[in-house]
Amino acid sequence: MNSVILIGAGLHLAALLALTLYGLHRLWLLWRWRQLLRHPQVVPQWHGPLPLVTVQLPLYNEPCVVERLLDAVAALDWPPERLQIQVLDDSTDETTALVAARVAFWRERGLPFEILRRTRRQGYKAGALAAGLTSAQGELIALFDADFVPPADFLRRLLPWFADPAVALVQARWAFLNSEASWLTRLQALLLGPHFGIEHQVRYRRGLFFNFNGTAGIWRRQAIEDAGGWQADTVTEDLDLSYRAQLRGWRFVYVDALAVPSELPDSLAAFCSQQQRWAKGSLQTARKILPRIWRATLPRPVKIEATAHLLANLGWLCGTLVALTVLPAVLWRLQADGYRFWPLDLTLFLLATGAILTYFFCHAWQRRQWSLLPFVPLIPLLTLGLAPRLAWAALTGLVRRGGEFVRTPKQGSAADWQRLLPAGPGRAWLPLGLGLYSLVPLLLAWRQLSAPGLFLLLFFPTGFFWLALQHGREEQHRRQPVARIRP
């Protein structure tokens with residue numbers, strides 16, 4: 001028993017150290033980003049005729065948002081004779097009829113829409129994009145997911161970067177239509193904003209690898225084909241192709257000044273599903289790509305940052321280990337009269353969480369997102385509550401290739417869009433059980449700890465119980481009979 005306790009305490013310390021390194025990496029990104037703010041991005045000039053552009057719209061059961069997407073694409077400022085719009089519709093529900101009607105409407109007005117449907121959803125989104133590429137006519141390929149609303153000048157603002165023949169991709173920033181809708185959308189806006197505003201900017205401007213985000217970007221078709229095309233052996237086909245293309249020597253560009261509005265999941269269940277796919281897919285890509293990166297002739301900073309990027313979702317595993325091993329860590333200290341070392345735990349915990357909170361706070365402050373700032377302290381609670389499920393997804397990505405591409409339902413203006421999700425009455429049980437478990441070390445150390453030590457131990461049940469409560473509320477709302485409304 002003493003050996004088990006000692007091993008658990010060691011794992012607890014190791015996981016805290018790993019999270020501290022992750023936090024320090026966030027501070028490094030923040031420091032580099034602050035330096036870049038003093039040097040605005042210079043936009044190149046485009047000379048010559050406009051190229052033929054193919055716009056690809058991969059769809060699967062998106063009745064709430066598909067008409068809005070098609071209307072936005074129809075409004076793109078680009079000559080129709082230099083445009084091809086592919087609606088890659090794998091839908092099995094009413095989306096099919098909505099697409100047919102809206103495409104017919106815009107065809108009558110002279111816009112070059114075409115619908116491509118497959119009999120089997122083989123390869124999911126990657127398969128649909130690959131199938132569309134076989135009949136694509138454009139030398140540039142623009143992609144939009146169903147919940148995005150591209151501005152009319154999207155193509156014209158990103159085109160100049162392709163004056164450099166080495167540029168494979170230009171990625172625009174995501175903006176959010178519903179960031180103020182709920183506590184959950186505010187937290188997602190906080191979490192996703194720095195991925196573009198800080199990570200992409202720093203990696204792009206310092207010559208490091210970064211990734212296409214699956215939408216709101218334009219590819220050079222030649223680069224897609226040169227890198228091996230869309231492949232479905234990971235569930236993050238965009239991340240996979242990004243690294244394969246950059247390994248072939250192609251350059252990526254990130255344009256922070258152009259924001260493309262999109263929707264955030266307004267359901268905790270949908271958000272969890274999305275994050276599980278990203279966690280699983282990033283580790284699948286890491287397993288596939290990292291050996292190639294370290295064998296390639298690349299600068300060492302590129303290799304190190306690519307490794308940090310692709311393995312970042314192991315942080316979910318570290319967070320889970322910290323939560324699961326807090327009991328043996330407390331037992332070891334009580335047995336060995338070692339809880340006088342609690343300042344070490346607290347210091348590492350504050351370094352990790354403090355660095356991460358500073359990272360998100362500074363980005364929101366610089367963007368003047370004042371309404372989001374009060375929600376920054378909730379980020380550690382949300383991420384702790386999600387950690388066990390996402391840790392399992394990350395572990396699955398390390399041992400399994402491919403898998404089902406689980407789409408994230410989009411709300412549009414549907415009043416009861418949660419009913420598009422499968423029932424999940426058991427979602428609250430895992431955080432509830434972990435909350436009860438994490439009460440044990442708190443009760444054991446109640447009399448031996450000072451206030452800072454108790455604060456550290458109280459963090460775990462608070463995070464798990466809070467997420468269990470939110471899951472319970474969402475499930476209760478899902479069961480309420482509400483009439484469905486579509487835009």
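This is a predicted model: local features need pLDDT of at least 70, side-chain atom pairs count only at pLDDT 80 or more; totals for chains, interfaces and linings use all residues.
Residues are numbered from 1 along each chain as its sequence is written, and side-chain values use heavy atoms, with hydrogens and water left out.

Let's begin with two helices. Helices here are DSSP runs of H or I with at least four residues, strands are runs of E with at least two, and both are numbered from the N terminus. Two packed helices are described by the angle between their axes and the distance between the axes. Look at helix α8 (residues 237-247) and helix α9 (residues 268-295): their axes come within 9 Å and cross at roughly 10°. That crossing makes α8 roughly parallel to α9. (An axis is a line fitted to C-alpha atoms, for helices over the stretch in contact, and angles run from 0 to 180 degrees between N-to-C directions; under 35 degrees counts as roughly parallel, over 145 as roughly antiparallel, 65 to 115 as roughly perpendicular, and the rest as oblique.)

Who does the touching? On the α8 side, the contact is made by Leu239, Asp240, Tyr243, Arg244 and Leu247, and on the α9 side by Ser282, Thr285, Lys288, Ile289, Arg292 and Ile293. Contact means heavy atoms within 4.5 Å. Sorted by type, the residues of this contact come out as 5 nonpolar, 2 polar and 4 charged. For that sorting, Ala, Val, Leu, Ile, Met, Phe, Trp, Tyr, Cys and Pro count as nonpolar, Asp, Glu, Lys and Arg as charged, and the others, Gly among them, as polar.

Keep Asp240 and Lys288 in view, since they bring us to charge pairs. Side chains of opposite charge can pair when their charged atoms come close. The pairing to look for is a salt bridge, a side-chain nitrogen of Lys or Arg within 4 Å of a carboxyl oxygen of Asp or Glu. Lys288 and Asp240 form one, with their closest N and O atoms 2.9 Å apart. Lys288 sits in helix α9 and Asp240 in helix α8, so this pair ties together parts that are 48 residues apart in sequence. Both Lys288 and Asp240 are buried. (Buried means under 20% relative accessible area, exposed means over 50%, and partly exposed is in between, using a 1.4 Å probe and protein chains only.)

How many salt bridges does a search of the whole structure find? There are 20. In one of them, Arg156 pairs with Asp77, the closest N and O atoms being 3.0 Å apart. Arg156 belongs to helix α5 (residues 154-158) and Asp77 to the loop between α2 (66-74) and β2 (83-89), so here the linked parts are 79 residues apart in sequence. Arg156 is partly exposed at 35% relative accessible area, and Asp77 is partly exposed at 39%.

Another salt bridge joins Arg251 and Asp164 at 2.7 Å, N to O. Arg251 is in strand β7 (residues 251-262) and Asp164 in the loop between α5 and β5 (167-176), 87 residues apart. Arg251 is partly exposed, with 36% relative accessibility, and Asp164 is partly exposed too, with 29%.

Now for the inside. A nonpolar core is a set of buried Ala, Val, Leu, Ile, Met, Phe, Trp, Tyr and Cys residues joined through side-chain atoms within 4.5 Å. The largest one has 124 residues, and Val55, Phe113, Phe154 and Trp219 touch the most other members. Apart from it lies another core of 11 residues, including Leu208, Ala286, Ile293 and Leu310.

Finally, a few single residues. Gly463 lies in helix α16 (residues 451-479) and is buried, with a relative accessible area of 0%. Leaving out residues up to four places away in sequence, Gly463 touches Leu381, Leu384 and Gly385.

Most residues other than glycine have a negative phi. Asn61, though, has a positive phi near 55°; this residue lies in the loop between β1 (53-59) and α2 and is buried at 10% relative accessibility. Ala216 also has a positive phi, near 60°. You'll find Ala216 in the loop between α6 (183-205) and β6 (217-220), buried at 0%.
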